[in-house]
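Hi,

Here is the model I promised to pass on. Have a look, and my notes follow below.

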Amino acid sequence: LLSGRETVGSSNMEDDVNSKFLQQLLLIGEDLVAEDVSALKFLCTDLLPFRKLENVKSAMDIFQFLMDEDYLNEEDPFLLAELLYRIRCYSLLRKFGYTKEKVQECLHRKGRVSSYRQMLYDLSVNITDKMLMDIVFILQDYIPKRLTTLSALELLIFLEKQGILSENKVQKLEEVCMCVSPDLLEIVNCYKRTKACMLVAYGVEAIPCLYFGTLLAVRFFLLDLIWFRKGTNVFAQHARNRSLKGSLGNGTVCSGRWLTCLLWRSYKMDGPHRGFCIVINNVNFGNSLPKRRGSCKDAEELRQVFTWLGLDVKVYKDLTSQQIEDLMLMWQRSPDHKDRDCFICCILSHGESGAIYGNDAKAVSIRKIMSHFTAKQCPQLAKKPKLFFIQACQGKAIQHPVYIEADAQTPSSSSMQQSPSSESIPEEADFLLGMATINGCVSFRHIEEGTWYIQALCSNLQLLVPRGEDILSILTEVNEDVSRRVDPLGTKKQMPQPAYTLRRKVIFPIPKEPPPS
């Protein structure tokens with residue numbers, strides 16, 4: 001009898017949990033508009049039978065079909081979280097306990113939407129009306145006149161149905177994107193890099209003929225086949241051990257020696273030591289400038305992330321302008337750069353146009369800081385990437401709500417130096433300067449969670465380095481994340497700005513350990 005009661009009680013609890021989950025799905029479905037439903041339907045193309053997707057009228061139809069196929073249930077709602085994340089409905093994630101960051105952390109383990117499907121969706125989102133008109137004009141021989149009013153997503157679906165486009169057949173898509181927009185072409189190339197990485201994970205010999213009928217397409221693909229594993233370039237290793245042969249398009253044969261020659265597109269990152277990363281964290285400025293509360297969280301995240309990436313991290317706190325210049329001179333003269341692959345410098349402080357402040361409220365030119373590490377001044381870092389990330393305002397102070405502060409102030413002190421030039425980056429090669437904001441503007445810092453820019457930088461490094469993305473692609477995502485943020489009153493925005501003289505791609509080797517957060 002007791003056992004029977006327990007069974008009935010357990011059944012009731014399960015019914016309650018399931019009922020609550022269904023209510024959550026209903027609330028989410030009500031918040032999704034027709035465009036969102038079309039996007040979800042498209043992203044589920046590889047998961048659900050076509051006959052079912054044809055009958056979809058609402059988001060609830062999709063949820064029900066996913067539950068029928070056992071893709072979605074109250075115990076594991078991650079697929080729904082992934083879908084909402086991919087269509088950028090981040091606010092709905094909170095309805096069932098997820099955040100954007102939490103989904104990002106789990107995607108590489110639990111993600112079900114294919115990189116191909118995501119690539120097509122990303123294209124549809126980025127194709128403007130003008131681009132769509134150009135694409136339809138270029139593809140007029142493939143599209144009936146009655147279908148020339150298709151949306152971008154509908155056009156891609158049509159191309160798939162006609163066999164013009166598939167997971168292993170994107171040549172026509174590349175040709176169109178090449179004519180219409182370099183940004184669209186980069187989305188396709190990013191997909192090819194991801195696909196190449198997946199192929200490498202199963203062995204180099206698994207690379208098939210794929211879809212390259214032209215030499216140009218071969219060039220785009222092969223030059224992007226760079227994948228680092230445990231600090232070693234897998235392709236270079238295979239090139240040394242055996243000849244890599246594969247049929248490419250019209251019979252062109254690729255050897256390991258040729259592939260090795262193509263590796264010039266990325267900086268060498270397989271040395272005995274990755275490099276040094278120095279973090280200057282100015283928090284306290286006496287009576288001259290406000291205390292930079294929340295900055296220590298930034299400094300700690302930078303320390304963890306760059307340590308995870310294999311760098312030797314040194315953190316310095318509350319340095320005067322002279323101490324900063326002395327520190328740069330010390331690292332310029334360090335003999336230990338010789339066996340390192342790169343150098344990274346992160347500065348967290350108040351600032352003004354083209355400069356950061358020491359904790360004595362005196363300005364130090366960003367250009368002067370970086371000039372210590374030119375090939376002439378620091379020969380041991382010649383031809384190696386030198387990355388600088390500056391979290392500081394580049395304009396005057398403004399008023400902010402209670403939890404948002406600006407990393408800038410115009411002190412009345414007579415000791416304040418004149419503003420240096422805003423042209424900060426040296427003219428020499430191999431530099432990257434990541435600025436938290438554009439010249440003349442403020443950047444924002446949460447007094448508990450840290451700055452918008454550094455938190456986005458650390459988050460995207462952890463997410464995208466394991467995918468083989470290069471630093472400029474990662475900084476583009478940082479721009480996207482920061483640009484979407486707004487202060488509590490909804491009146492203040494921020495846009496980071498990278499500048500660079502890099503000659504090759506900077507791709508960090510994939511760490512053995514999982515990301516620190």
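Cys277 has Ile344 in E7 as its bridge partner. The strands involved, E5 (residues 273-281) and E7 (residues 340-348), run parallel and share 8 bridges; strands pair if DSSP finds at least two bridges between them. Helices (H or I, at least four residues) and strands (E, at least two) are DSSP runs, numbered from the N terminus.

Bear in mind that this is a predicted model, where local features need pLDDT of at least 70, side-chain atom pairs count only at pLDDT 80 or more, and totals for chains, interfaces and linings use all residues. Residues are numbered from 1 along each chain as its sequence is written, and side-chain values use heavy atoms, leaving out hydrogens and water.

Back to the sheet: it is open and mixed, with 6 strands ordered E6-E5-E7-E11-E13-E16. E6 (312-317) and E16 (497-500) are at the edges with a single partner strand each, so one side of each has no neighbour in the sheet.

Helix H15 (residues 295-308) lies across E5, E6, E7 and E11 (386-391), at about 170° to E7. H19 packs on the sheet too, touching E11, E13 (431-435) and E16, and its direction makes about 160° with that of E16. Contact means heavy atoms within 4.5 Å; axes are lines fitted to C-alpha atoms, for helices over the stretch in contact, and angles run from 0 to 180 degrees between N-to-C directions.

Among the buried residues of H19 are Ile474, Leu475 and Val478 (buried is under 20% relative accessible area, exposed over 50%, partly exposed in between, with a 1.4 Å probe and protein chains only).

Cheers
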